[in-house]
Amino acid sequence: MKSDVYLIRWLRARNFNAKKAEELILENIKWRTDNSMDTILEEDWADMEEEYPFKLNSHDKEGKPVFLGAFGHWDLRKAEVTGRFPRLMRYGERILEEEEVLIRKLQAEGKMVTRTVIIFDMDGFNIFQHGCARCINFLLQFYSSYEDHHPGLMSKMFVVNNHPLVNTLLQPFLVSLAPGTRDTVVLFNRNRAEYSKALLKYIDYDQLPEKYGGSKEEE
């Protein structure tokens, strides 16, 4: 946390106001202590990984890790009715922590990597499972936590296989994003040729799963 490559993200998050960046870092350290973040990857997440799958096993052309989340199959409504929103929130934090740890590992290998690329696949989106009022509120809370504790982690977010209804629902959410985050988000409909072409500008053919226009086999 003392390295320049780590500190730069916090400075950017506060427009290079050193005092505000310091306050944000200190608040984050307290949050990490209060929420046992240093051991979150050691917890058992088997149940969540089955119901809310993701992959973090490829990289873009600059060496940044690529996160792939099958968000269209994440049943937020089920988590809500079963009282598991707090666990799902922590699971989301666990995913972000895994990304942070991977970045630090790459930096230790001498690679100048500070951020990740996100691909959210909306195939399977269901207004009942994803668009309920408490589901939207959950997403807003998670985004708030992202900005507070992982600012600037995301260099690009590709949201693919969008139904027109998804784009409509996302607009109010996108407006609420911080400008630096909002500028990273790119929305695509279900035109595979269109989003594959865009993805391949950032991710090599052998690192992009076949489903999205590459040659990487699903694991």
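Colleague: What makes the set around Tyr-52, Leu-76, Phe-85, Leu-88 and Tyr-91 the largest nonpolar core?

Modeller: In this predicted model, that core has 38 residues, and the five you name have the most contacts inside it. A nonpolar core takes in buried residues joined through side-chain atoms within 4.5 Å. Strand E1 (54-59), helix H4 (76-81), helix H5 (85-108), helix H7 (133-149), strand E4 (154-160) and H8 each give two or more residues to this core. H5 provides eight, the largest share.

Colleague: Which residues outside its sequence neighbourhood does Tyr-52 contact?

Modeller: Leaving aside neighbours within four places in sequence, Tyr-52 is in contact with Trp-74, Asp-75, Ala-79, Arg-84, Leu-88 and Tyr-91. Another core, of 13 residues, lies apart from the largest one; Val-160, Tyr-195, Ala-198 and Leu-199 are among its members.

Colleague: Why are the buried residues of helix H1 said to be on the same side?

Modeller: In H1 (residues 4-13), the buried residues are Tyr-6, Arg-9 and Trp-10. They cover an arc of only 90° around the axis, so they are on the same side of H1. In general, an α-helix has 3.6 residues a turn, so residues three or four places apart point the same way. The buried residues of H1 pack against helix H2 (18-34), H5 and H7.

Colleague: Why is Phe-128 called exposed?

Modeller: The cut-off for exposed is over 50% relative accessible area. Phe-128 has 55% relative accessibility, so Phe-128 counts as exposed. Phe-128 is found in helix H6. With Ile-127, Leu-165 and Leu-169, Phe-128 makes a nonpolar surface patch of about 360 Å². Helix H6 (127-130) and helix H8 (164-175) each supply at least two residues of that patch.

Note on methods:
Residues are numbered from 1 along each chain as its sequence is written. This is a predicted model: local features need pLDDT of at least 70, side-chain atom pairs count only at pLDDT 80 or more; totals for chains, interfaces and linings use all residues. Side-chain values use heavy atoms; hydrogens and water are left out. Patches are made of residues with over 30% relative accessible area and no salt bridge: like charges are joined within 9 Å, nonpolar side chains (Val, Leu, Ile, Met, Phe, Trp, Tyr) within 5 Å. Accessible areas come from the Shrake-Rupley method with a 1.4 Å probe; for residues, only the protein chains shown count as cover. A salt bridge is a side-chain nitrogen of Lys or Arg within 4 Å of a carboxyl oxygen of Asp or Glu. Helices (H or I, at least four residues) and strands (E, at least two) are DSSP runs, numbered from the N terminus. Buried means under 20% relative accessible area, exposed over 50%, partly exposed in between (1.4 Å probe, protein chains only). Contact means heavy atoms within 4.5 Å. The arc is that of the directions from the helix axis to the C-beta atoms.
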